[in-house]
Amino acid sequence: MSSAPMPTLMLVPTGIGCDIGGFAGDALPSARLLAAASGCLITHPNVMNGASLYWSDSRVLYVEGYGLDRFAVGDWALRPVRRQRIGLLLDAGIEPELAQRQIQVAEGCRASLGLEIGPVVSTDAPLEVTLECGASGASWGRLGCPDALLRAGERLKQAGATAIAVVARFPEDPESDALAAYRQGSGVDALAGAEAVISHLLVQHLQIPCAHAPALDPLPLDPQLDPRAAGEELGYTFLACVLVGLSRAPDLVSAPRQPGDLDATQLGAVVVPAGALGGEAVLACLERNVPLITVENPAVLSVTADALGLSQGVLQASSYSEAAGLVLALREGLSPASLGRPLPALQRLD
């Protein structure tokens, strides 16, 4: 008889160049393994989105980063649903042909995958996305017209959309060194930070599931392309994975709670890169004494357990396969310490 699912949080912060999870859906195999080990994995679009590629799993809850923070803090709960009605929000700055490509992806997902999509709304002004890089090397960005984004989101929610897929026109520099490094597997995703700004704004304002896909022209063929970036080279848009993820994303609820809602008190573990422990969700889990499993997954950040004074009580894993073993041990009620050698002696109190 198998044990009951143990809700587990998997975080791979976006825009920091993680070896696993810093590219086009390359954390999906790790997420699938953790979902199998835990029986219930809560994670965010950066982990699950692979541009034209995706993987639907009923054991995985797809929660945008701002909503995930509110869940971990305890402000919001997650309510599983059978389906979402996904409104499509298009940046007015997208050229007509490129905008039509996004609509065709949505139509294809309706016809082939049976997703409920619509209506479609364009912003009343271009969003004017700009990209920037922080001193740490992490990517981020700005919106010139955030109000236009929020107005379009409000229109979709009022029209009956229960989730929103956003496509914004992003600036392009196909000859940039940063893009070349990313395509060859050694750089930071320059778009990711700005994408997070867009989805965070909408989720904070509307309290419904949202996720973003950038609108970009196809890149020229690169024979030296890193396999982790290949998912972004397969088509004209990155929208398909967003639509699939949002199609069964849980509702974000504050009060009143219902039986079946999932809240932070039910978390059994949180799995996060060893150098990315400074986020709100991780710190909230630590305050609740949720077991923390850190995974060796190099990135441009180095906010480690030692840096935060957390050397005691942290479970360290050299890979996501090892982390999955630790999750399974916790789910089965096994002490992780009993699996290692030498086995520490019992402490005796005078």
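## A buried aromatic ring

F23 is buried, with a relative accessible area of 4%, where buried stands for under 20% relative accessible area, exposed for over 50% and partly exposed for the range in between, computed with a 1.4 Å probe on protein chains only. The model is a predicted one, in which local features need pLDDT of at least 70 and side-chain atom pairs count only at pLDDT 80 or more, while totals for chains, interfaces and linings use all residues. Residues are numbered from 1 along each chain as its sequence is written, and side-chain values use heavy atoms, with hydrogens and water left out.

## Aromatic pairs

The structure holds 2 aromatic pairs; rings of Phe, Tyr and Trp (for Trp, the six-membered ring) pair if their centres lie within 6.5 Å, and planes under 30 degrees apart count as stacked, over 60 as edge-to-face and the rest as tilted. One of them is the stacked pair of F23 and Y182, with 5.0 Å from centre to centre and 15° between the planes. This pair links distant parts of the chain, since F23 lies in the loop between β1 (8-10) and α1 (28-38) and Y182 in helix α6 (residues 177-183), 159 residues apart; here helices (H or I, at least four residues) and strands (E, at least two) are DSSP runs numbered from the N terminus. Y182 is buried, at a relative accessible area of 5%.

The rings of Y66 and W76 have their centres 5.9 Å apart and their planes at 70°, so this pair is edge-to-face. Because Y66 belongs to helix α3 (residues 65-73) and W76 to the loop between α3 and β4 (77-79), the pair ties together parts that are 10 residues apart in sequence. Y66 is buried, with a relative accessible area of 18%, and W76 counts as buried at 8% relative accessibility.

## Charges over rings

The charged end of R228 sits over the ring of F23, 4.1 Å from its centre, and the charged end of R101 sits over the ring of Y236, 3.6 Å from its centre. A charge sits over a ring if NZ of Lys or CZ of Arg is within 6 Å of the ring centre and within 35 degrees of the ring normal.

## The parallel sheet

An open sheet is formed by 6 strands in the order β3-β2-β1-β12-β13-β14, with parallel pairing; two strands pair if DSSP finds at least two bridges between them. At the edges stand β3 (60-62) and β14 (315-317), each with a single partner strand, so one side of each is left without a neighbour in the sheet.

Strand β13 (residues 292-295) is joined to β14 by 3 bridges, and the two run parallel, with V295 standing opposite A317 in β14.
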